[in-house]
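The sequence and structure are shown first.

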There are 2 protein chains.
Amino acid sequence: MVVFKNLDTCQAFEALKKIPAVVLHKSLDQKRISDWWIPHAAGFCYCYAFAPVDDSVIDWLEALTREQQLIEKYRILTEGAIMNTGEKRMVLHHLVRGRLGKPVIWNGQDMEVFYREEKHRFYDFAHKIREGEILGTTGKAFTQIVQIGIGGSDLGPRAASLALSRWAVAAGRARLRPWFISNVDPDDADYVLANIDLSESLFILVSKSGTTQETLANETIVRDRLQKAGLNPDKHMVAVTSTSSPLAHNPHYLDSFYIDDFIGGRYSTSSAVGGVIISIAYGPETFEEFLEGANEADRLAFEPSLRKNPVLMDALIGIYERNILGWPATAVLPYSESLSRFPAHLQQLDMESNGKSVNREGHPISYSTGPLVFGEPGTNGQHSFYQLLHQGSDIIPLQFIGFLRNQLSPDMISEGSSSRQKLLANLIAQMLAFAIGKKDENPSKTFSGNRPSTLLLARELGPRQLGALYSHFENKVMFQGFVWNLNSFDQEGVQLGKILAKKALSSITKGESTDDELLDAFIASALRAVENNGD
Amino acid sequence: MVVFKNLDTCQAFEALKKIPAVVLHKSLDQKRISDWWIPHAAGFCYCYAFAPVDDSVIDWLEALTREQQLIEKYRILTEGAIMNTGEKRMVLHHLVRGRLGKPVIWNGQDMEVFYREEKHRFYDFAHKIREGEILGTTGKAFTQIVQIGIGGSDLGPRAASLALSRWAVAAGRARLRPWFISNVDPDDADYVLANIDLSESLFILVSKSGTTQETLANETIVRDRLQKAGLNPDKHMVAVTSTSSPLAHNPHYLDSFYIDDFIGGRYSTSSAVGGVIISIAYGPETFEEFLEGANEADRLAFEPSLRKNPVLMDALIGIYERNILGWPATAVLPYSESLSRFPAHLQQLDMESNGKSVNREGHPISYSTGPLVFGEPGTNGQHSFYQLLHQGSDIIPLQFIGFLRNQLSPDMISEGSSSRQKLLANLIAQMLAFAIGKKDENPSKTFSGNRPSTLLLARELGPRQLGALYSHFENKVMFQGFVWNLNSFDQEGVQLGKILAKKALSSITKGESTDDELLDAFIASALRAVENNGD
């Protein structure tokens, strides 16, 4: 019997509050640094030696894991329980990577089969595009693939495409070049369209509902350009959507590939939303490896022992930092240029999932939930915001991600070391510097230390590792949502802006007043202010 | 007589603590929305109607402005006072945009003349590159310009180049295409080098000291590639550095352009650090307009009346949010795809300047200083982290930036409105939604409101507006640093990591142990962990 209850009703939570805070530069020793590693999927290891916890904290976090029945809740989620309570939907993004428990049947359909068949349909389509069996209007092979989507249809797939672009070249699998158009700002579409040959370009329109304002606006721009270039837009566009959307079974697209309401936008990279572009650009086998890495991490996440389950440990350390230590933000710092947009994906994944103030039954809660998530790749960040991380007035816990090898180039030696060695040396040095600090007679040069971090380290970044990373953070967010007793799978907080934007738009285009006096006043004063200050 | 004192010794600060917090949905009315706008430089207007302040708060913030002598401190800074106290340096980034007060003489040199002469030297050089008077080794004109730098030599110039790339095309001024290599991860250089024709590429090596590890490592990669392509690297590379660096007066560069220690990295976009690439890519006249916009904003910033000085108002509202309301973070949300990397620049500018825990004399302080700064362009962010901004458990104040017109394309109409109208409607709707919120019987659909924001709005984004934006945030950070009594111009917090990285690197490359047992243990265990979990 799975019971849902708020964090502040948990005994383990009360117990955690009473444990004295760990002082990192006192706790950290060689033994801890050597031992506090957990093997993870796809060759990753997770290091929590620099986290602000000790054995006593970990024991109580494990008790909290049991008290909140995290593994059981994960189990029922993967087997089709209605975990998106507000929208009364199942949550099935794990299933697109492989079945983890009992089959999930819905309306008589085995959902695993549905996802798998769609996957093979787009694998087949990708094969035909890559082999030149499907050509553009003028008979040219497609060399460019452009995804039009926003939010979850953009950030996750974009970060993944970027992460694999150099790897795919090295592996000889890069065929079409991926691009993304997301922003309703037409300068976004302009930039992409100025850089590609339209006659060799295939567009993927991604919108589950088929009604996303920004995506349809960008489709209009793209179809207009294709037409003006003498090309037939219908032959240069496919759709990724739900079977009930206006884009489904629609002759204006070469083909349509389907997902459904059980795959949330920010969890959809493993579905057709990420799969179509990655399969076309880098090959179905690349996407398949991504899914295998994710599935391996999904399976590991069932491990009930906290000290053997890297994602559960990561999730619980985050809870401790947020609710006991009271820290409002967390930084993600990949020491890999290929992961430069991965923090933007995590920002959506985490903040849209757990940035909530009501529990899964819709009752207000009084404890802190999802943190602010941000980050940039190292070593770039070291030359930017690390000053504040080291010496600022607030503590921000850090999540490092690193690799031992390059994706592509034969590494160059300068000043006696390779670039990759420099990258690893910097990562290791930073974690230690944050934790240990340094005393100095000059307070400006003093580092208080005791600034915690964790590390996900692997040999190199390929599709399998990337899949494991996507799974890791999805499951981390899921486990944290269970601890906070949230529905991590809806996003009611974006609705009000949409409604007001519709009103504002009608007022701006027609000059009519809306039923909202403040909105009218704001629109009028904004236009007047700029008009009067024209230069 | 200018007096430096800590914020917590100010009477106005004590008074501010006693004023009841403003409730936005009670304070906001049509009059406030219409009137609380301040004209800014380059046609910008600053709206603070949605800020969490009222007249009583503003009056005390103005008193704080006087008590901390913000305008006087700005004055002495621009006239050459040693405001970078730790490093005993002047702070002269304003001067590269034009003199604001008395001349600054150093070692008998009028510094304005020095900066101006360097500027004209690189304008002249840019002209020769653009007109094909200087050619590559094989006699081809340069079409690609690649900046190699990190931190301040990367983020500010990169954000500015990106912001103007579409504008420059529309204005017919785009000649060379700008690229950036920053990360020591060799995959970064690889990506750029795979996309350009080396024989048509000019590289700018930017390092004030001439010793930046990442930049020199990337130079090694680039020189190696040039050589392997049969090109003479010395004829494809210029330097931006200080006169005392190893890169100065060095025959291995086509030319060198100089800055000095009085231009901090994160404040250097207006100097040769940003000027060389922008002048070469988009023309000296474009960079000159950028400087004019920045200078106009610099001049406006001397206005002593808070209600007439947009940047002072913005700075003081930030202080109120940080030190009275206790909010640790702030989001920057440009509704313009061209500003997609501007938040990363601001992140460095703000967090590296004011992420400090000691005052300008090096004494520890106990109040909060610089906030965490992050952001992504709208409307993309609406489909990502806005959920947390609307309904998360913490309040994060928001800084919106918007424009009425596109930079480039003739706008397309879809569903009865243009893309740019949609963008503006969304921006306006969001600000109102955050402030007012919405009651609903279902707590999941309830928006508590009272989430504040401010707005910088202009007709369109060109070089003049961009210059004004750079100045705005530089001066905001400067004024806030004065209020907190910090030295906003050093970055001691990055030193410890550098020292440890050097040790770690030597251990990794030579396998020798360092004098640091924890460092040795960490390196050994990291390599062992990954080795043992190889897949």
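This is a predicted model: local features need pLDDT of at least 70, side-chain atom pairs count only at pLDDT 80 or more; totals for chains, interfaces and linings use all residues.

## Symmetry of the two chains

Chain B is superposed on chain A by a rotation of 180° with 0.0 Å of shift along its axis, and the RMSD is 0.0 Å. This is the relation of a two-fold axis. Within chain B, the C-alpha nearest the axis belongs to B:F374, at 3.4 Å from it. Both copies use the same surface, since 100% of the contact residues of chain B recur in chain A.

## The interface

Contacts between the chains involve 129 residues of chain B and 129 residues of chain A. On the side of chain B that touches chain A, helix α15 (residues 419-436) of chain B gives the most, with 14 residues. By residue class, that side of chain B comprises 57 nonpolar, 50 polar and 22 charged residues.

## Helix α8 of chain B

Helix α8 (residues 186-194) of chain B is largely enclosed by the rest of the structure, because eight of its nine residues are buried. The buried residues of α8(B) are B:P186, B:D187, B:D188, B:A189, B:D190, B:Y191, B:V192 and B:L193.

Which elements do the buried residues of α8(B) pack against? From chain A, the elements are α7 (155-170) and α15 (419-436). From chain B, they are β5 (144-148), β6 (177-181) and α9 (213-228).

Methods: Residues are numbered from 1 along each chain as its sequence is written. Chains are lettered from A and ligands numbered from 1 in the order in which they are written. Copies are superposed by least squares on the C-alpha atoms of residues with pLDDT of at least 70 in both. Two residues are in contact if their C-beta atoms, placed from the backbone, lie within 7 Å. Helices (H or I, at least four residues) and strands (E, at least two) are DSSP runs, numbered from the N terminus. Ala, Val, Leu, Ile, Met, Phe, Trp, Tyr, Cys and Pro count as nonpolar, Asp, Glu, Lys and Arg as charged, and the others, Gly among them, as polar. A residue is buried if 20 or more other C-beta atoms lie within 10 Å of its own, exposed if 12 or fewer, and partly exposed in between; C-beta atoms are placed from the backbone.
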